[in-house]
Amino acid sequence: MNKLDGKSLDIISQNVEKLKDLFPEVFSEDKINFEKLKEELGSFTDKENERYNFTWNGKQEAKRIAQTPSTGTLRPCKEDSKNWDTTQNLYIEGDNLEVLKLLQKSYHKKVKMIYIDPPYNTGKDFVYKDNFRDNIKNYMEQTGQIDSDGNRLSTNSDTNGRYHSDWLSMMYPRLKLARNLLKDNGVIFISIDEVEYSKLRSLCDEIFGETNHIADLVWQNKKGGGNDSKHIAVEHEYVLIYAKYEVKLHSFFEPYKPEYLKRYKEEDNTGLFFWDTFKRKSGKQYYSIECPDGTILENDELGNPISWLRSEDRFLEDKKIGDVRFFKTKDSWNIHFKQRLPEGKKPRSIFLEESILNSQGTTSDGSSELLNLFKKNIFQNPKPSSLIKHFMTFIVNKDELILDFFSGSGTTAHSVMNLNLDDNSNRKYICVQLPENLDDSLIKAIGPTKATIQSAIEFLEESQKPHFITEIGKERIRRAGDKIKEDNPDKDLSSLDIGFKVYKLDSSNIKEWDSDFDNLETSLLDAVDNIKSDRTSQDLLYEILLKYGLDLTLPIEEKTIEGKTVYNIGFGALVVCLDDNITIEVVEAIAEFIKEQVVYDEEKKKRHARVVFKDKSFADTNVKTNAIQVLKQFDIDEVVSI
Ligand SMILES: C[S@@+](CC[C@H](N)C(=O)[O-])C[C@H]1O[C@@H](n2cnc3c(N)ncnc32)[C@H](O)[C@@H]1O
């Protein structure tokens, strides 16, 4: 029986496979001959010794970190979730680097839009420190989940000699992995202020490619105050936009405001329009037009030639299809044409606070939203949900997936629910957030941030919840969803998804998959019983889903077959039984069940189904060998054990 591969996607091997596909001739004994590769690339090879290069102290290490597969897993947490059985949304607690690695198989090219609002590296915010050797253990230490040598989350102060380098090293692997999750026509929006703007721009040019840069938006995030600034009171931030492949990205359009649409009162088969005057005060299109009674319109009352809005050819075409009308005035004729609603409005690069019609909110609107839900100020500088919602309207269709892997108070989730409410649709989100330990954060915080963290801790204490930011994020999404329903009693919101499934990052459930770098000898001894004693079947089940690259929101049917619990995923495509004492009768009954569910592929001569058992579940090796034979007789494609 084959063993299930326990590692998250190996990015280097994946790249090598892509290269093999393109240039099979440069591979010999599975190694790349770079001289041959250069020959294949001909004049595109750069022969200069000096070239433009963006680098920093630690870049090589950051690259290595991006390429190292994760040894962790995501454990389901139904207690913290909302509408577990029906929701398509995910809330994942953990360091986003490990989480992004774990999502590589299941969400490769599945995400339409990523929005992130990372720590701005102001010197007061936390910048997570990755550890190449054992990042899961490092994560447990940094979030205070296991003891460490005082190596908890630390602020990246601007007196640290590697201030920018550390931040870039943190961002590089995350952006690199996030790009893999974008659809080919996907896009990323990144909020940043002027501290790291220029570095982030260079970093993104490298990771996404300069040609995929769409624009840098300027968002007026606050107004007034700032008189204590030394030179200039800065009232804006940036939002960098990059496409995965610019050529594949659809044009951005902003939806029209109701005020704008008011003019377009008429409608025909082509769409909305209003009748507009064809004659213009000035222009370049001069020609004569014959009216229904033979009158020729060519010169105005003063004898000057009349200028028309459109070319003569276009006018004649429009007349033929009824898009032009003539009507008689007292002594002449007026001509009208159908002014049609353009496909969409082009978004502008500057979002000003004062333009009431276009306001996408300010940071203080973000704070008011949270205040409204919690009656307390419990998160410093959340984004307004209207801003992220506005970005989504440019591009995200009605059932697509949005990812935010620095989700903070959960604003992106709130924005997705609000937009789904507006256009009655079904966009889904994945929010990732570090369980940042607020007690630790409080010690290092200063100014208004200290008071906000203090309030958050008080709130969590009253609610008897652990002092983690993730508790704030989840509660915000729960409250925001309930409020949307409460505020709209007249709408049928039965299909609005206000739920979310919670998963938590942890070390693998399976001992061999969780290589303990410091303690290899005990790890090998432990492997005799390879499942960790504190893990449940549900934990194992979702780890199997991840390793197979399946969606974490897939419905799972739980059945009892011959007294054993069996999980049926995708109508027999994956059947998992994690109970002990598996007998041959159980295997036969499972095989019969698959036979009913999965049709026989005449061409391939098999049933496309996978069956997973625990390695230690079989009474003895005889039963195991027989089990493989039985499943073969039923033409089942793949049998593996963990
Ligand atoms: C600027 S805040 C995001 C605020 C969010 N846009 C909002 O509106 O609430 C950045 C968040 O990223 C989180 N964070 C920092 N490092 C992280 C990591 N390695 N993994 C996941 N989250 C992280 C921080 O805890 C913080 O809450």
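Q: Which residues does Leu 203 touch, leaving out those up to four places away in sequence?
A: Leu 203 touches Phe 54, Trp 56, Leu 168, Met 171, Tyr 172 and Leu 175, with contact meaning heavy atoms within 4.5 Å. This is a predicted model, where local features need pLDDT of at least 70, side-chain atom pairs count only at pLDDT 80 or more, and totals for chains, interfaces and linings use all residues. Numbering starts from 1 along each chain as its sequence is written, and side-chain values use heavy atoms, without hydrogens or water.

Q: And how many residues are in the largest nonpolar core?
A: 73, and those with the most contacts inside it are Leu 74, Leu 175, Leu 200 and Leu 203. A core here is a set of buried (under 20% relative accessible area, 1.4 Å probe, protein chains only) Ala, Val, Leu, Ile, Met, Phe, Trp, Tyr and Cys residues joined through side-chain atoms within 4.5 Å.

Q: Which helix gives that core its largest share?
A: H6, with nine residues.

Q: Which residues lie nearest its centre?
A: Asn 15, Lys 63, Tyr 172, Lys 176 and Glu 206, out of 18 lining residues.

Q: What's the lining like by class?
A: Seven nonpolar, five polar and six charged residues.

Definitions and conventions. On a 1 Å grid over the protein atoms alone, a cavity is a set of points where a 1.4 Å probe fits but cannot get out, and a pocket is an open set with protein on both sides within 12 Å along at least five of seven lines; lining residues have an atom within 4 Å of a point. Ala, Val, Leu, Ile, Met, Phe, Trp, Tyr, Cys and Pro count as nonpolar, Asp, Glu, Lys and Arg as charged, and the others, Gly among them, as polar. Buried means under 20% relative accessible area, exposed over 50%, partly exposed in between (1.4 Å probe, protein chains only). Helices (H or I, at least four residues) and strands (E, at least two) are DSSP runs, numbered from the N terminus.
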